[in-house]
Amino acid sequence: MTVDKFQPSSASDVFSLWWKQFWGLKIPRKILHFAWRGYQEILPTRNGLFRRNIASSTSCQLCGFGGESNAHAIFWCPVAQGIWNLMEFSFLHEVKEEIDFKNVLLYASEVVDREAFAKFIICSWAIWTERNKITHGQQIRQPQFVVEWISSYYESILSMKEGPKKSSQANGRNREASAGSSTSAQEQSCIEHHEYSWIRCGGILRR
């Protein structure tokens, strides 16, 4: 993996572009903020709580692993793995468990397209939300029920995106018709290609 060759910083040219694309993902802001906190290693996992003298141990509350980092809680805990195994993100089997949240996120942005990356972040947030039920004395759901909820939630986000998009397209066609002009098929293809391009860790790559 080449991720370790980079020193991620939102101040660098490449990563400033990466963060711009990240914050531009069409998913709820609270979910993006969750991923940003995971990237910065400031989610309230047992490791962080122990460092702040809030928790008495770093052990994972679900599996007992002695070092509940952000990456362990979201990706490597057996409870989380039970959910990921039912999802389409097979690339998680290609990375080692010692990789932290930040580098998993960067790697995901390398190997999947923009829409899949958005869904990956939603899945991560859903797993974190499910884990938090333990803190509040609630029972966590079986993996298949969590996956069904993720799919339903993601579909609802897509439907909200499609509504304004179709309305905008209709308004655009009306304006073009009234002005007596039209956009060529080649120009439209270029516009769509630009809109859904994704910035990779090693530079700007276009699908």
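Some ground rules before we start. Residues are numbered from 1 along each chain as its sequence is written, and side-chain values use heavy atoms, with hydrogens and water left out. Because this is a predicted model, local features need pLDDT of at least 70 and side-chain atom pairs count only at pLDDT 80 or more, while totals for chains, interfaces and linings use all residues.

Let's begin with the helices. When I say helix, I mean a DSSP run of H or I with at least four residues, numbered from the N terminus. Two packed helices are described by the angle between their axes and the distance between the axes. The axes here are lines fitted to C-alpha atoms over the stretch in contact, and angles run from 0 to 180 degrees between N-to-C directions.

So, how do α2 and α7 cross? Helix α2, residues 29-39, and helix α7, residues 114-135, have axes that come within 9 Å and cross at roughly 80°. That is why α2 and α7 are roughly perpendicular to each other, a label for angles of 65 to 115 degrees; under 35 counts as roughly parallel, over 145 as roughly antiparallel, and the rest as oblique. On the α2 side you'll find Lys30, Ile31, Phe34 and Ala35, which meet Ile121, Ile122, Ser124, Trp125 and Trp128 of α7; contact means heavy atoms within 4.5 Å. The residues of this α2 and α7 contact divide into 7 nonpolar, 1 polar and 1 charged. For those classes, Ala, Val, Leu, Ile, Met, Phe, Trp, Tyr, Cys and Pro count as nonpolar, Asp, Glu, Lys and Arg as charged, and the others, Gly among them, as polar.

Next, please find helix α1, residues 13-23, and helix α6, residues 101-111: their axes come within 13 Å and cross at roughly 80°. That makes α1 roughly perpendicular to α6. Phe15, Trp18 and Phe22 of α1 make the contact with Leu105, Leu106 and Ser109 of α6. By class, this contact of α1 with α6 has 5 nonpolar, 1 polar and no charged residues.

On to the rings. The structure holds 23 aromatic pairs, where rings of Phe, Tyr and Trp (its six-membered ring) pair if their centres lie within 6.5 Å, with planes under 30 degrees apart counted as stacked, over 60 as edge-to-face and the rest as tilted. Take Phe75 and Phe120: their ring centres are 5.7 Å apart and their planes are at 5°, so the pair is stacked. Phe75 lies in helix α4 (residues 70-76) and Phe120 in helix α7, so this pair ties together parts that are 45 residues apart in sequence. Phe75 and Phe120 are both buried, meaning under 20% relative accessible area; exposed is over 50% and partly exposed is in between, with a 1.4 Å probe and protein chains only.

Trp125 and Tyr153 form a tilted pair, 5.5 Å centre to centre with 35° between the planes. Trp125 lies in helix α7 and Tyr153 in helix α8 (residues 143-179), so the pair ties together parts that are 28 residues apart in sequence. Trp125 and Tyr153 are buried as well. There is also one aromatic cluster, formed by Phe34, Phe75, Trp76, Trp84, Phe89, Phe91, Phe101, Tyr107 and Phe120.

Finally, the charges. How many salt bridges does a search of the whole structure find? It finds 4, each being a side-chain nitrogen of Lys or Arg within 4 Å of a carboxyl oxygen of Asp or Glu. In one of them, Arg131 pairs with Glu68, the closest N and O atoms being 2.4 Å apart. Arg131 sits in helix α7 and Glu68 in the loop between α3 and α4, 63 residues apart. Arg131 counts as buried at 8% relative accessibility, and Glu68 is buried with a relative accessible area of 5%.

Glu130 and Lys133 meet in a salt bridge of 3.3 Å, N to O. Both lie in helix α7, 3 residues apart, about one turn of the helix. Arg141 also meets Glu130 in a salt bridge, at 3.0 Å, N to O. Arg141 lies in the loop between α7 and α8, 11 residues from Glu130, and counts as partly exposed at 33% relative accessibility. Through shared partners, salt bridges join Glu130, Lys133 and Arg141 into one network.

Methods. Helices (H or I, at least four residues) and strands (E, at least two) are DSSP runs, numbered from the N terminus.
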